[in-house]
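Good morning. Please have the sequence and the structure open while I talk.

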Amino acid sequence: MLDSETSAGLRWTALVRGAREWQDPDSAVRARARAALQDGEWPRQTVERALGNVLLDFETALAAFCEEPPAVRRASTALAILPGNIIGPAIACAYCAALAGTNLILKSSHHERRLSDILVEQFDRLGPPLRGLLSAVYWQGGDESIETMILRGIDRAVVFGQDATVASIRSRVPPHVAVAAYGESFSIAVIAARADLAEAAEAVSWDVALFDQRGCMSPQTIYVEGGADKAVLFAQALSFSLRRRQDDLPRAQPDAAEKIALAETIRRLQVNALPAATHALGTMLVGPGIEGVPGFVVSVAPCAPPVCAGFGRIVVVMPCESIEAAADAARALGSKLETIGAAGIPPDEFVLLARAGARRICDAGAMQAPPFGYRPAIADFQTEQA
Amino acid sequence: MLVLKYEDVSAELDRRILAFIRQPDGGDAQFETLALALFAYQYHANDAYRRYCDQRGLPPHEVSNWRRIPAVSAASFGDARLATFPAGSARFVFESSGTTRAGQRPSRHELENSELYDASLLGQFRRCVMPDRDRMPMLLFSPSFAEAPGSSLAYMLARIFDCHGSGGGFFITQGVLDHERALAALEAATQATLVFGTAFALVHFLDRCRAAGIRFSLPPGSRVVETGGFKGRSRSIERVEFYAMLGEFFGVPRTHCLSEYGMCELGSQWYDANLADYFSGSAPRFEVKIGPHWARHLVVDPVNAEPLREGSGLLQLVDLCNRGSVAAVLTADCARDESGGFVFMGRAPGAPPKGCSITIDSLLGHHA
């Protein structure tokens, strides 16, 4: 039960109102975000799905937070350095920080600079407990004068981006500033022998299609329990599902550099692709594209450590002897293994995948919709109890 | 039924390619015959390459021109074992110094023997760098091959030093440029000397010389060869500025400063044409890289890999020296055709930095 008499209670009530606005496709804030992002790189359908996912379980997370308040105190001011590859972290950071009661500075990526302003305006409109809690800034990377001024005024930093970006920020923050880092990481999926291949492929296709494999929760390699024939059949099923996704979740328009990188990646995958020997089915499945650019690429290769292309709806499917064998192969990613999406594996058997060392294991189809407070975490915006 | 043994076919190809290398020049028809024979051999003896050709729908019976031989991406040398001979029987294994993403490996080029490799590197070196003499002192800003046994650059320089050097040596040991020894060797030079090193090692060295106010005036006939290019590591400077520095600090004219282009995935090397032109009395072609007659280049469309008639594109090379791996290699470098060679235009967009210079530079960055 929320204590609406306290400042925190008022803040939480306002946050629930705000979260409901983000979940309502007809709300004014969604309309503004839609308009702001319409000229961006992501198609309308991707924007809608991403915005709808972010605060999907906010009220559940809030209830859990209220029941067991952590034994830490809020940070006074945090800085979130946002990624450019996906939509969502700006909203998640704003709501996590507000839940913790921490002032937050949102530093946008040069890819997308308007969502932060929309969040600031929303918080100001929602009223006093939230008003003034957020501010949005943008500066060119390397502008040391602005950066130094901002870094001096914070006590927490939450950084998304490439490892080099994270390392660079770590090296420049004052010693008292704690950094929560979300650097480069990769995800995989595992399809158990008992899974219905068509259903599993349909579920995985949503994980692949949202953000075109550019996200850290995008399944780069998919292990299929069984022999090569089963992997080939799964690849065919995935190819069919990805064709459907091109209608309801179209691929972003690739730029010239991505077209070149895609051609290069296809050439590289062709070296390791299994021979097309099973039922005469292909092992390099390239989806119909726009302007000569493939809509997707599904390659079937022998079991090996994960291949992580990280763009272009490129997926590598590998057969594996067992679920444990898939987990062992995935261990090659080490600490960079983010999420494992599982199909045909009930949650009480997720332990079979635990040896891979992933941060999170979930059902296939839900990889791109992590629970609120997962990445970033509310704790990222809190400091240790003095 | 005639049964050909792998060893016999390989030896016969080596013999024919070696004979071609040793010719003063090679005609197009002879190159094409050898290239197509080599393609057919590699298709049958190299499993990963055969898979690749089949995936592209280009088995040997579909290819009648060396320009159509399917080229593997240079990065594929890190994705699969691209060799025609059994694993574990390589005489040398060279690895790239490029940065890799999670789950990716550096390129790895296995040599079954070094006969073609040696003939190629020494022949092209003599033609482009030392057409005027048999031996000269060499100051090599590189680790020795004993210290860097996986480095194709260190191997190449070791062979060049053994066959054509007369004093000097290697000036990077345990990853550290021996600045004092290099200074002493340069100051003591009394005859025409070759300085050969990675661009970044040379930049590090010259930066220190500049700070100390040191300049050299190497004897006439001296020359400087840089390799590894400017690939986004450490202090990045413009090519023009770099060559001005070479002239200023070593006292070597621009005609005698040139660049080498090579990679661990290829047995042959390309050099700027200016020094060879100087000695042949032609107008020096600065920045135009020329290859040996046993290796040809194409500039191709970066998306569909079709040869381009004009403009810039990706550099594709067909190198007969790669008998034991894959002869046709598509690099991640941009180039344009010019005056019988190509002009290197940097890395293709989206490609990770790569090159022999980087490992050495990262070491120097820590220790210099």
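I start with Q174(B), which counts as exposed, because 9 C-beta neighbours lie inside 10 Å and the cut-off for exposed is 12 or fewer. Keep in mind that this is a predicted model. Where is Q174(B) found? Q174(B) sits in the loop between β5 (165–173) and β6 (176–177) of chain B. Its phi is near 50 degrees, which is a positive value in a residue other than glycine.

There is another residue of this kind to look at in chain B. S339(B) is not a glycine, yet its phi is positive, about 45 degrees. S339(B) belongs to the loop between β14 (328–338) and β15 (341–347) of chain B. Is S339(B) buried, exposed or partly exposed? S339(B) has 13 other C-beta atoms within 10 Å, so it is partly exposed.

Staying in chain B, we come to a pair of helices. Two packed helices are described by the angle between their axes and the distance between the axes. Here helix α1 (residues 6–22) of chain B packs on helix α4 (residues 115–128) of chain B at an angle of about 10 degrees, and their axes are 10 Å apart. That angle is why α1(B) is called roughly parallel to α4(B). From α1(B), the contact uses D14(B), I17(B), L18(B), I21(B) and R22(B). From α4(B), it uses E115(B), L116(B), A119(B), S120(B) and G123(B). Sorted by class, the contact of α1(B) with α4(B) has 5 nonpolar, 2 polar and 3 charged residues.

Now to the place where the chains meet. How many residues of chain A are in contact with chain B? There are 24 residues of chain A in contact with 22 residues of chain B. On the chain A side, helix α11 (residues 256–272) of chain A gives the largest share, 12 residues. That side of chain A divides into 16 nonpolar, 2 polar and 6 charged residues.

Next, chain A as a whole. Chain A has 13 helices and 14 strands. Its radius of gyration is 22 Å, close to the 21 Å that the globule rule gives for 386 residues, so chain A is as compact as a globular protein of that length. The C-alpha trace of chain A spans about 65 × 45 × 45 Å along its principal axes. Of the 386 residues in chain A, 52% are buried. Take the contacts in chain A between residues at least 6 apart in sequence: 73% of them join residues at least 24 apart.

Two details of chain A remain. A181(A) lies in strand β6 (residues 178–182) of chain A and is partly exposed, with 17 other C-beta atoms within 10 Å. Leaving out residues up to four places away in sequence, A181(A) touches V159(A) and V166(A). The other detail is a peptide bond: from R375(A) to P376(A) it is cis, with omega near 15 degrees. P376(A) is in the loop between β13 (360–363) and β14 (382–384) of chain A.

Notes. Residues are numbered from 1 along each chain as its sequence is written. Chains are lettered from A and ligands numbered from 1 in the order in which they are written. This is a predicted model: local features need pLDDT of at least 70, side-chain atom pairs count only at pLDDT 80 or more; totals for chains, interfaces and linings use all residues. Helices (H or I, at least four residues) and strands (E, at least two) are DSSP runs, numbered from the N terminus. The radius of gyration is taken over C-alpha atoms; the globule rule is 2.2 Å times the number of residues to the power 0.38. A residue is buried if 20 or more other C-beta atoms lie within 10 Å of its own, exposed if 12 or fewer, and partly exposed in between; C-beta atoms are placed from the backbone. Two residues are in contact if their C-beta atoms, placed from the backbone, lie within 7 Å. Ala, Val, Leu, Ile, Met, Phe, Trp, Tyr, Cys and Pro count as nonpolar, Asp, Glu, Lys and Arg as charged, and the others, Gly among them, as polar. Axes are lines fitted to C-alpha atoms, for helices over the stretch in contact, and angles run from 0 to 180 degrees between N-to-C directions. Angles under 35 degrees count as roughly parallel, over 145 as roughly antiparallel, 65 to 115 as roughly perpendicular and the rest as oblique.
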